[in-house]
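Biologist: Before we discuss this protein, may I see its sequence and structure?

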Amino acid sequence: MIADPSGSLAADAVPARTQVLIIGGGPAGLLLSQLLHRAGVDNVVLERRSRAYVLSRIRAGVLEQGTVDLLRQAGVGARMDRKGLLHGGVEISFRERRLRIDLAGLTGGRSVMVYGQTEVTADLYAARDAMGGTILHEVEDVALHDLESASPFATFTLGGETQRINCDFIAGCDGFHGVSRRSIPEDRLKLFELVYPFGWLGILADVPPVSDELIYASHEKGFALCSMRSPTRSRYYIQCPLDEEPGNWSDDRFWEALAAHLPADVAARLVTGPSIEKSIAPLRSFVAEPMRHGRLFLAGDAAHIVPPTGAKGLNLAASDVHYLSQGLIAHYAAGDDLALERYSDRALARVWKAERFSWWMTSTLHSFPDAGEFGARMQQAEFDYLATSRTAQAAFAENYVGLPY
Ligand code: APR
Ligand code: PHB
């Protein structure tokens with residue numbers, strides 16, 4: 001289905017039926033669409049925003065080994081393998097002390113790939129276009145119906161016209177604010193949430209990164225992260241109050257604050273320059289259980305949110321899609337529904353472990369207004385244990401590179 005230049009289909013080209021209807025064209029929805037199409041499962045993606053808007057989102061960029069393998073399996077690994085940065089280690093600094101975690105050495109050679117989520121999304125779009133995938137952009141008023149029947153459907157508006165698509169299954173990949181989770185009766189869902197009393201102020205700048213590997217820095221003044229997108233583009237974050245405004249931060253003020261959050265020898269090497277993006281992200285841990293309601297399956301941010309400290313957001317979306325695509329493909333290829341039946345439990349088992357790791361990193365490395373002296377000593381002791389125990393470092397490494405699927 002060839003779409004118009006903006007990648008959208010005209011209202012009169014909307015298919016009346018598909019096998020799997022995917023709500024949301026972010027990384028979860030596009031990856032699922034690609035994997036299903038390659039396995040011969042027909043699917044349509046409904047996306048509320050324009051393609052340009054989806055591609056303009058600045059998000060994180062650390063891919064677990066499992067995500068890298070899944071993107072290669074989906075046929076979208078070539079540019080990642082050419083341009084991505086393979087990292088066999090990561091640094092944690094606590095006040096002036098610096099600790100390198102030998103990820104590869106502690107996990108039998110597993111590593112992470114630094115490659116922006118924006119790039120992953122662009123690669124997925126290119127692959128969908130190449131296969132003639134059906135993505136409807138700028139759809140409005142999406143509503144899901146008959147989820148507990150064998151033939152659910154969605155209605156929506158496109159180009160001012162009301163549309164309906166019938167299907168066998170609906171994949172809710174529409175993020176935290178999407179319609180899918182909200183389509184599940186409240187008494188059928190259990191929600192778990194923890195909102196942290198701070199946010200992250202982040203900038204993107206075309207300056208060489210301060211370090212070849214990521215640095216997660218804990219300082220009396222708060223948390224800071226030194227990351228990158230390429231050898232010439234850096235991504236930095238500092239902990240900030242929740243009610244902070246990016247507009248209150250000149251570049252100079254940001255660089256000064258960042259340097260003050262880092263060990264002196266790291267700060268001394270910082271190359272500064274004009275920011276090309278500046279934004280604030282709140283920190284929250286959130287899980288919705290179960291991740292299935294009838295013929296609706298939730299995946300990615302629609303079902304769970306992690307604070308960015310563990311770099312697990314995109315990677316959890318990928319593991320959900322791994323389990324869900326396996327289930328849907330087995331259903332169509334062999335009439336075997338075991339994997340679909342087990343989807344919610346399998347996905348949630350991995351989600352909760354990543355929630356734990358992200359919560360632990362956030363709790364250990366940020367400064368909490370009400371932690372008190374005992375809380376501060378606990379953080380110190382967490383770092384001391386990590387710095388002096390190879391077992392603790394191995395546990396950290398296994399979680400950071402990604403627990404097995
Ligand atoms: N109808 C159609 N599309 C919708 C609707 C709706 N009602 N509501 C939201 N969407 C779209 C959004 O515009 C977005 O493009 O669903 C998509 C959801 O994408 P993401 O929020 O990126 O979620 P997901 O694909 O699960 O990816 C998770 O994204 O936010 C990061 O840290 C997160 O890295 C993680 C990754
Ligand atoms: C990023 O590069 O934006 C990034 C990296 C690691 C994180 C969070 C964000 O934990």
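Modeller: Let us begin with a term: a polar contact is a pair of N or O atoms within 3.5 Å. Please note that the model is predicted.

Biologist: What makes the pairing of Pro 308 with ligand 2 a polar contact?

Modeller: A polar backbone atom of Pro 308 lies 2.6 Å from an oxygen atom of ligand 2. The limit is 3.5 Å, so this pair qualifies as a polar contact. The side chain of Tyr 216 also takes part, with a polar atom 2.8 Å from an oxygen atom of the ligand. For Ala 311, a polar backbone atom is 3.3 Å from an oxygen atom of ligand 2. On its own, ligand 2 has 280 Å² of accessible area, and the protein covers 100% of this area.

Biologist: Which residues come nearest to ligand 2, and which strands supply at least two residues of its shell?

Modeller: Among the 14 residues around ligand 2, the nearest are Tyr 216, Ser 227, Arg 229, Tyr 237 and Pro 308. Strands S15 (222-230) and S16 (233-240) each give at least two residues to the shell. S15 provides the largest share, three residues.

Biologist: How do you know which classes of residue make up the shell of ligand 2?

Modeller: Tyr and Pro count as nonpolar, while Arg counts as charged. The shell of ligand 2 contains nine nonpolar, three polar and two charged residues.

Biologist: How do you know what span to expect of helix H6?

Modeller: Helix H6 (residues 117-131) has 15 residues, and at 1.5 Å a residue the expected span is 21 Å. From its first C-alpha to its last, H6 reaches 21 Å, close to that expectation. Gln 117, Val 120, Thr 121 and Leu 124 are among the residues of H6 that are called buried, because each has under 20% relative accessible area. H6 is followed by Gly 132, whose phi is positive, near 75°.

Biologist: Why are S8 and S18 called edge strands?

Modeller: The open sheet has six strands in the order S8-S2-S1-S12-S19-S18, with mixed pairing. Strand S8 (134-136) and strand S18 (292-293) each pair on one side only.

Biologist: How do you know that S1 and S12 pair, and in which direction do they run?

Modeller: Strand S1 (residues 20-23) and strand S12 (residues 169-172) run parallel and are joined by four bridges. At least two bridges are required, so S1 and S12 count as paired. Leu 21 stands opposite Ile 170 of S12.

Biologist: What makes S17 and S20 a pair?

Modeller: Two bridges join S17 to strand S20 (residues 304-305). The requirement is at least two, so they count as a pair; they run antiparallel. Val 287 has His 304 in S20 as its bridge partner. Strand S17 (residues 275-289) is also joined to strand S13 (residues 190-205) by 13 bridges, again antiparallel.

Terms used: Residues are numbered from 1 along each chain as its sequence is written. Chains are lettered from A and ligands numbered from 1 in the order in which they are written. This is a predicted model: local features need pLDDT of at least 70, side-chain atom pairs count only at pLDDT 80 or more; totals for chains, interfaces and linings use all residues. Side-chain values use heavy atoms; hydrogens and water are left out. A residue is near a molecule or strand if one of its heavy atoms lies within 4 Å of it. A polar contact is a pair of N or O atoms within 3.5 Å; within protein, one must be able to donate a hydrogen and the other to accept it, and residues adjacent in sequence count only if both atoms are side-chain atoms. Accessible areas come from the Shrake-Rupley method with a 1.4 Å probe; for residues, only the protein chains shown count as cover. The expected span of a helix is 1.5 Å times one less than its number of residues. Buried means under 20% relative accessible area, exposed over 50%, partly exposed in between (1.4 Å probe, protein chains only).
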